[in-house]
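I opened my notebook to jot down what I looked up in this one. Entries follow in the order I made them.

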Number of protein chains: 4
Amino acid sequence: MNEACGVVGVAFPTSGAALSIYHSLYSLQHRGQESAGISIAHEGNTRSIKGMGIVPWVFKGNDLLAVPGSVGIGHVRYSTAGGSELENAQPLTINFSGGTIAIAHNGNLVNSEELRLDLEQRGHIFLSDSDTEVIAHLLVKDLMRNNLVEAMRRLMRRIVGSYSFVMLLNDILVAVRDPLGFKPLCLGKIESEGEQGYVVASESVAIDVHDGEFVRDIAPGEVLVITRDRMESHQIYKQKNTAHCVFEYVYFARPDSVIDGRLVYDVRLKIGERLASEHPVDADMISPVPDSGITSAIGYSKKSGTEYIEALMKNRYVGRTFIMPSDTVRKRAVQLKLNAIKQNIKDRRVVLVDDSVVRGNTSRRIVDRVREAGAAEVHVRIGSPPIVSPCYLGIDMPTREELIASQKSVSEIEAAIRAETLGYLSIDGLVESIGIPANDLCLGCLTGVYPVEIPGEKCVLRQLRLEEFDCGDSGEVSSF
Amino acid sequence: MNEACGVVGVAFPTSGAALSIYHSLYSLQHRGQESAGISIAHEGNTRSIKGMGIVPWVFKGNDLLAVPGSVGIGHVRYSTAGGSELENAQPLTINFSGGTIAIAHNGNLVNSEELRLDLEQRGHIFLSDSDTEVIAHLLVKDLMRNNLVEAMRRLMRRIVGSYSFVMLLNDILVAVRDPLGFKPLCLGKIESEGEQGYVVASESVAIDVHDGEFVRDIAPGEVLVITRDRMESHQIYKQKNTAHCVFEYVYFARPDSVIDGRLVYDVRLKIGERLASEHPVDADMISPVPDSGITSAIGYSKKSGTEYIEALMKNRYVGRTFIMPSDTVRKRAVQLKLNAIKQNIKDRRVVLVDDSVVRGNTSRRIVDRVREAGAAEVHVRIGSPPIVSPCYLGIDMPTREELIASQKSVSEIEAAIRAETLGYLSIDGLVESIGIPANDLCLGCLTGVYPVEIPGEKCVLRQLRLEEFDCGDSGEVSSF
Amino acid sequence: MNEACGVVGVAFPTSGAALSIYHSLYSLQHRGQESAGISIAHEGNTRSIKGMGIVPWVFKGNDLLAVPGSVGIGHVRYSTAGGSELENAQPLTINFSGGTIAIAHNGNLVNSEELRLDLEQRGHIFLSDSDTEVIAHLLVKDLMRNNLVEAMRRLMRRIVGSYSFVMLLNDILVAVRDPLGFKPLCLGKIESEGEQGYVVASESVAIDVHDGEFVRDIAPGEVLVITRDRMESHQIYKQKNTAHCVFEYVYFARPDSVIDGRLVYDVRLKIGERLASEHPVDADMISPVPDSGITSAIGYSKKSGTEYIEALMKNRYVGRTFIMPSDTVRKRAVQLKLNAIKQNIKDRRVVLVDDSVVRGNTSRRIVDRVREAGAAEVHVRIGSPPIVSPCYLGIDMPTREELIASQKSVSEIEAAIRAETLGYLSIDGLVESIGIPANDLCLGCLTGVYPVEIPGEKCVLRQLRLEEFDCGDSGEVSSF
Amino acid sequence: MNEACGVVGVAFPTSGAALSIYHSLYSLQHRGQESAGISIAHEGNTRSIKGMGIVPWVFKGNDLLAVPGSVGIGHVRYSTAGGSELENAQPLTINFSGGTIAIAHNGNLVNSEELRLDLEQRGHIFLSDSDTEVIAHLLVKDLMRNNLVEAMRRLMRRIVGSYSFVMLLNDILVAVRDPLGFKPLCLGKIESEGEQGYVVASESVAIDVHDGEFVRDIAPGEVLVITRDRMESHQIYKQKNTAHCVFEYVYFARPDSVIDGRLVYDVRLKIGERLASEHPVDADMISPVPDSGITSAIGYSKKSGTEYIEALMKNRYVGRTFIMPSDTVRKRAVQLKLNAIKQNIKDRRVVLVDDSVVRGNTSRRIVDRVREAGAAEVHVRIGSPPIVSPCYLGIDMPTREELIASQKSVSEIEAAIRAETLGYLSIDGLVESIGIPANDLCLGCLTGVYPVEIPGEKCVLRQLRLEEFDCGDSGEVSSF
């Protein structure tokens, strides 16, 4: 299952985990609104609460928030087509000979089906379709005969793909990021009721919400082992290159997050500026397609000198969680969501800045609405290159057949969405806006060349180097 | 987990499983009101719906009932202290190398902890605490290398305790009853929309609800394998003696069910008559403690010639599912539930007939209310012998310390519940009322001697004989 | 709107009203499961909580139960066809120049439409269709110029029909019963946390639930005015004859209630005995149609000497509140609800005792099921005379066209329900079983002659005598 | 009750009202998220659905949307302190001698208490506290003796305050705006399934959502009477001056709405520019307080030439409808809602543009967060003048004591919110930005001088002139 999610783990000396996780999940809500869950280790037990919907609904009136546990993890899950059920909510909790494991996972394994079949051949059974259950089976096997760090090393040798996960092994918090660092994961220090604690989370905003201190990104291939009084770092794998997901910068992450050293807001501003350089146009106004196009539109306006005026107003109450009661209503969804401001648009040459084009349908409807509202010309500028290939690493995208840029040239797309001109950001432009070398980014969906092996797709493997790892060595240790 | 539940399995040639299971579960609702679930095999998939609460709530408005599957199973679960969560609802569904298995289980394994630890030592992981997941792990292991019947044989050699379960192995319905036949399970033929089908269920009322034909009880040690067009019977184990639970007759089953050849209503009537012979009393009226004492009270009245008059009226709206909003209310629970009819009682010598005494608190409160209502004397007659030992085989009972008859003599209990006289049915009386030899009943809670080994308890093992079983032999086969 | 409901009013010196009302409503739940409501006067305000469903659901977790008010009223409402919405839930609360009035009403006015039209002609507006709102308008008009008792007198001169209602006029509890006493209403003394208080309720079980003392029935035409420290009785109207509803005895009230001096259980027992005398039959067993036929069947068995054996078992979980998910299921409703016990019935001549026949459909289905279960003969005995005419006074009944006894003779009905014989209780038999002279009962639905004028129906008016009432006289006063 | 709400009315020749109202309410959701309701006239009946929460929740799965009515009204209600209950949801529906009236009201009467007392003195009763019920009582009285238009004239002579309401009188749609035009109300033409219809709504976005044609604002003092085939306009009152609410422009209305001829976006842009002129500051960046400060901040940036950079990011999932589970969480509400982007702020001189300051607490917390994030200086610019007096005309505001500008000077507020400088827009600046003469605006909350009489407050009455109105004259008529 290809999923984008948000994870958080927290460890304090004596208490405060539950409420801290709640606040962090709230700040990561944009990474998933389908379900939310928290697991807290307390007095030898692991208590979990999971539910469908957004964070405040799931935990409303729930006494878990008052559990005095000091270590815990949390998860928000994104709704992909199908499979929207409570059984899929995380953390996944299992019992084994060594106690209890709870896992909250963000990412997508590309070999999970193969691993699952192999495990099934050995007699393992699965209660869900999730990658997370595969991870649990593998890990438990390794934990039977090895210490935690060695077990993690063996696990990471088996699983391929993107993964950033947090885990409770009884009352030990473990955080791990895959060797290529596809998905973000960062470390911070926070305070709660006078106690210092650690927080590990998908984005730095989950640290900010506590007025906490951002410490650093978790390194690709790193495993953190955090207990109530100390933290160990184990650099299990060291890679020459990474494969950070570019779409976290383009639209998935919050603009106020810092990911792998780059402020997302700043990347988007630069994307807008670069777009203005690459695809200038003589126009009267620059408008974002709200919300994800806002920052890039500001950048485009700044660079081009053309005025920033909003052509479209978004109805804040139309969300993915708001079910449309009928087909008739669904057809009207774009109108409900985006209203064109006629007076701002009339007789003007409008540049619309959006983050990406997937199937092209939404873009066409938006261009139509702006034109019907009286625009003299409609120019579309996209803050990312054409998406020509699917994502297998954790961003929810349709099949290759549905990706318009996989089927049509830019000029054909320009015609299809009925824009006067259409300009996509170049790959170089995106890479430079992010400020991370192309060799350290995953550009699979933009180039069709992936950093891991995927059956039927081209691949340029990142060169990995397995660290010599001495299980007796406890790695770098920090006290609280 | 010690649980009493209800199970049902249905197989038709082409469709109709879901609605038939729904009706059967409705008729088995008394066996469990905590949760309900249905799994239907359809076109290579197994779809399940589970939810908290009673059958009509769980499936209200649910489109599962319209799924055109022809084979399926269902489950209702009893609420025991704690563990009342959706995760525990059944059927349990798992994926393994051979496809999908769904299990709905009634009973309690006495060696599940041992089996679980053994499996955990071998690297297995568990997502729940249920016996059912243990069964699934064991079965899958055996299915890897054996055909279904041989795998069932191996499973049944490992698990000890009470179990009657139905299972979907992909689209094959399997029903099994433990070699001692603790828990009831019976077979019927039903019709739906012109098709003949089979139903397997905990009680015969689940056949009656379809106006179906009761075929027979599933034999202890028997495995039925039912597909959409035929049924095989495999007598895996054959035992000299069985160990049918007596409390199914005393209070758990519906009076209109026939279990192992005995109509429950008839057993209860005989219990009442026998009680009148064993503990006659010069009184003015015989009254049941409703509802479970009704039939025995009728029998007592008939035998004794003393008039049957209701001393207590039950509020039909006070149920186990109706949560009391506060402690103050809880204290008043008996008053809310049972009202003494003063005019029927006043100055009369009343015989109250109840099915059993567990802790003694409820009995005392009822005697008090009848006396306060003006009874001249209150005589209590109990349609079962004293419960001196816990049940490990699937009836929800408290610990030995809480069982009043484990701590006090009959005369002490008589004093404790403040009755003029107290008479328990003798063990012989119960056995003869049931009409099954004592050697074929489980009397563990009444004698402290159990038919299976339980650590710290006395045991007289039933003599088992493993049938020579040829895996190539498909047993007795019936067509639809 | 023709409605049967349950009402309760409570007054204590300083606190305890809410929880006492809650308990009383619980005991009156059989009078209405559609909605429930409580209004409490406290510190100059009237707080109300109303909701759909049964009492424990509506007030679950509600802090109203903790409101320290000492005076309040409550209501449970019966679900009639249509109009099942929260807007119709009671108590109805209104503000007027003199403060706040909350009313909980049981009964049916036969001139409400006329009164409503008259009020509308005078410019009044109505937010609901309920009789209660009509009562509120009339009462407020009278309260503008008169004291409470005089206003009640004027109100009672205007409204015609059945009504027993309790009312909060600010913090004064008022209880009133119509001059003919159609609907029951009684007075009791209860205790809560050391305080003595009064309770007024539809049935005496609402006093029993508190272990309270039954004081007396409210007299027809009487108005009780109860404050936190005293109670006044005003016999506003005195009638030569009353018109108590016979169906309260036949099936609506709880058997353990005492209504107008008669224990309902005792009436039903006598009904059964009388039925045995009027319609003897040579049979093998007497069985009730559960639940409402139980007591009469016991009486029939006692009188006839034929054995009482249950032929039908009721599924306790099939209730009016349990919605059937589809038409297919609805057709199976009788099977889900009542199961025939074949072994009890087979080859026997069965007498089925039921309380009444309305449309005849259910009776026919039950007779069919008993016969299919193997009965040699099926004799039906009905504990009430044929219902030939609709009820306009508060019992939920269908139109005349749908009443089978209005369309067919007894022998035709016998054929229609496919019974060997059918015997209805005679009107004399019913009257004598109740033990109240026919002149003091409402027999409208049995005779077609009503005690109040109803357009298109025959009427023999009860002779009323308006008491000379001196508004300065405060009536009979009791202190707490 | 002082309430800001949204209303809509729709009339088509034969069908389509319900779904059109649903869409319009969706677009007006920002005017109220507490409850929503729709009333549809169909075949002589008026059907209503009301519920708590936002539009998609209330009508999810509701079959009202399929009712083939052609005329209807809708309402969204704002949650003010207390009184958040279903009873207060609108439309209010009443029955009277002439049929049914449903009313959806936006505004606040300043003499409703006086009117209510007067009506109560005449024997009227009230089931709610709403102004709407007062309006219904008055209107019905007048409708008894007058035609609709004359009745409206009489009603409007009695009620004082702000009101824009839509009403169904049986199947006639009536729209009315108070003579001073406090609250917006506009008229549009829309199409649904090939039919032309009229829509009346609080804001023009409710026309845009249908791709409809904005016709005009309803004139202050105008009554529109719309049936399925024609529309009449009656200018009941004509005033020399109006009193349009300025806060609709400042923050309440959507930026893409046109109100009384002014695009709200344009007004806010001008507010920002004017603010830059009135309170320039040497700074490094202009940032809005999202969302309501965005457009003004763009204007400030444009005028000042200082760069527009977002200092604060809003968590879209923290809404007024999202209940905080505990006090601890509530304290963290600002952090959950607004995150400061450190990298954008660090060492910079930041200008924060917000729409208004009410109590000052939120402003102080925001300034603190921006300063903690490293800002060198924090300058606050407010797009409205100081609020010195409460609103009695329909904007939810606290008491005078709680309004910081009523208690402190600007320099004291500057100190209280800990900003380097604080600049409020001048009243002249606001008036000129709106582009409507001060004499035609309500500036009560900014000046303490109100356009209607309010006890204890200063008032300069707008000069009204009652039109000579001939009841036989049907006004200006348009056909569809």
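Is the crossing in which α8(B) passes α16(B) right-handed or left-handed? I looked it up in the model, which is a predicted one, and the crossing is right-handed.

**Entry: the helix pair in chain B.** I noted the geometry next, since two packed helices are described by the angle between their axes and the distance between the axes. On the α8(B) side I wrote down B:V267, B:K270, B:I271, B:R274 and B:E278. Facing them in α16(B) are B:G429, B:L430, B:E432, B:S433 and B:I434. By class, the contact has four nonpolar, two polar and four charged residues.

**Entry: domains of chain A.** In the contact, domain 1 of chain A brings 15 residues and domain 2 of chain A brings 10. Which elements give two or more residues to the domain 1 side? I found β6 (99-109) and β7 (161-169) of chain A. That side of domain 1 comes out as five nonpolar, seven polar and three charged residues.

**Entry: chain A on chain B.** I then superposed the copies. Chain A goes onto chain B with an RMSD of 0.0 Å, by a turn of 180° and a shift of 0.0 Å along the axis. The two copies are therefore related as by a two-fold rotation axis. Which residue of chain A comes closest to the rotation axis? I got A:H124, with its C-alpha at 3.7 Å. Both copies use the same surface, as 100% of the contact residues of chain A recur in chain B.

**Entry: chain C against chain B.** Here I counted 41 residues from chain C and 41 residues from chain B in the contact. On the chain C side, the elements giving two or more residues are α1 (17-27), α2 (55-59), α6 (205-208), α8 (264-278), α11 (333-337) and α12 (342-345) of chain C. The largest share, four residues, comes from α1(C). Sorting that side of chain C by class, I noted 20 nonpolar, 12 polar and nine charged residues.

**Entry: pairs without contact.** I also checked chain A against chain C and found no contact, with the closest C-alpha atoms 12 Å apart. Chain B and chain D do not touch either, and their nearest C-alpha atoms are 12 Å apart.

Key: Residues are numbered from 1 along each chain as its sequence is written. Chains are lettered from A and ligands numbered from 1 in the order in which they are written. This is a predicted model: local features need pLDDT of at least 70, side-chain atom pairs count only at pLDDT 80 or more; totals for chains, interfaces and linings use all residues. Two residues are in contact if their C-beta atoms, placed from the backbone, lie within 7 Å. Ala, Val, Leu, Ile, Met, Phe, Trp, Tyr, Cys and Pro count as nonpolar, Asp, Glu, Lys and Arg as charged, and the others, Gly among them, as polar. A crossing is left-handed if the near helix is turned anticlockwise from the far one by less than a right angle, and right-handed if clockwise. Copies are superposed by least squares on the C-alpha atoms of residues with pLDDT of at least 70 in both.
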